[in-house]
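This briefing covers selected features of one structural model, grouped by topic. Please consult the sequence and coordinates alongside the points that follow.

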Amino acid sequence: MDLDAARAILRQNDLGGYTVPTRGLYPFQWNWDSAITALGWHCFDEARAWREARKMFSGQWDNGLLPHILFHDESDSYFPGSDIWGAESRIPSSTISQPPVWALAVALMLERSGTGASARAEARELLPKLVDHHRWWFRDRDLGNSGLVETYHPWESGMDNSPAWDGPLANVPQVEWEYQRRDLSHVDPAQRPSRREYDRYLYLIEFLKNNEFDPHRLSAASPYRVVDIATVSILHRATRELVGLCQQFDFESAIPELEAALARTQEAVGDCWSEEHRCFLNRDKLAGALLRERTTATLLPLFGLLADERQAGQMAALVEEWLAASRFSLASTHPESPRYEPERYWRGPVWLHINWMIAEGLRAYGYDGLAGQVRAETRECVEEAGGYFEYYCSKTGKGCGGGDFSWTAAVALFWLAG
């Protein structure tokens, strides 16, 4: 595994303070990509890692929303651009968020920086913004204080075309205007979401805009309301880290509300547990039903530290079977599913950052050997493909999606390299 190449990818994708996921296909700054990429930068250029964070939070909305895309510069290689979203923000942006990894990333960078005054100053400066972002999730995406935040667009989950969303997305109308996708000029269409899905993605963008992004109107009328267990889990883990940051930097006024949110989620998450499937499932809020599709999202409560010991044991056994079900693992959809597609985006390929999260969750519950197996098989993907791709075919290990991909290179630097 060529770590010099991984560092070179981050440098070549650096557009002056923010890192694009890859040139052409994704020419802007993506929220959770940026957080993962900052961890990679931190392995060899700490100052640049903190600059990545500052650049992302420069686009935070006044209400605390951290958009999933910041359009720092114009580019015609991506659709939908800033003109479609309709945000009135300091920096042109999308109007949804993504799984909130940033508090965890900041905590990890601070830990790895030791007692350095510069790192502490950076973290202290970001802390109120991190708190505001978590407040946005708990306030605007959980109006009833249920403990389980909701997503109003599949892109908000970060797992855009997961087969878990097929049912909820089927209830969303198709957009009625013509458009031209740009992703298909960069990547084989067989590895990308379908036209059917895109029609509905764009309808939801229009719905958000037409309802002025008002959380009460969205909750009351959205045709897509999903509890994404991955977002719930990442938010829970990141909030635990955020409480620790607040304790370090005398920001104690925020701690009671954050701890109350943690308690609500811990109490509510059992409603997503499936004894039959041996994991936590996503939930369709409109249908009032669990979404019975096993994806790697359904394993992330391990990372969120939300499982009890018995549940963790059942999930560890499931991971063992999952690893055995495909040559390269973990496939993002369980290979036994009739909807499994080993090369199509979030319907089956291997994603390095998700494998890292699952391995970290297994390790936290004492399954070190299994965590090591996930890590070893993930490294095999990179070595088999001979490069840092967006994701990898779970049958052959072939690199898929975009090439020279930032967060893949970053995960190699901060996790696979040890």
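In this predicted model, the residues lining the largest pocket divide into three nonpolar, four polar and four charged. The volume of the largest pocket is about 200 Å³.

**Largest pocket**
- One part of the lining is formed by Gly59, Gln60, Trp61 and Asp62.
- Gly86, Glu88, Ser89, Arg90 and Ile91 also line the largest pocket, as do Lys209 and Phe213.

**Threonine 95**
- Threonine 95 is located in the loop that runs between helix H4 (82-85) and helix H5 (102-113).
- Threonine 95 counts as buried because its relative accessibility is 4%, and the cut-off for buried is under 20%.
- Leaving aside neighbours within four places in sequence, the contacts of threonine 95 are Trp61, Leu65, Trp85, Ala87, Leu208 and Phe213.
- Trp61 and Phe213, both in contact with threonine 95, are also among the lining residues of the largest pocket.

**Cysteines**
- The structure holds zero disulfides.
- For cysteine 272, the closest cysteine sulfur is that of cysteine 279, at 11 Å, which is too far for a bond, because a disulfide requires sulfur atoms within 2.5 Å.
- Cysteine 272 counts as buried, with a relative accessibility of 0%.
- Cysteine 246 likewise counts as buried, at 0% relative accessibility.

Key: Residues are numbered from 1 along each chain as its sequence is written. This is a predicted model: local features need pLDDT of at least 70, side-chain atom pairs count only at pLDDT 80 or more; totals for chains, interfaces and linings use all residues. Side-chain values use heavy atoms; hydrogens and water are left out. Helices (H or I, at least four residues) and strands (E, at least two) are DSSP runs, numbered from the N terminus. Buried means under 20% relative accessible area, exposed over 50%, partly exposed in between (1.4 Å probe, protein chains only). Contact means heavy atoms within 4.5 Å. On a 1 Å grid over the protein atoms alone, a cavity is a set of points where a 1.4 Å probe fits but cannot get out, and a pocket is an open set with protein on both sides within 12 Å along at least five of seven lines; lining residues have an atom within 4 Å of a point. Grid points are joined across faces, edges and corners, and a volume is the space filled by probe spheres set on the points. Ala, Val, Leu, Ile, Met, Phe, Trp, Tyr, Cys and Pro count as nonpolar, Asp, Glu, Lys and Arg as charged, and the others, Gly among them, as polar.
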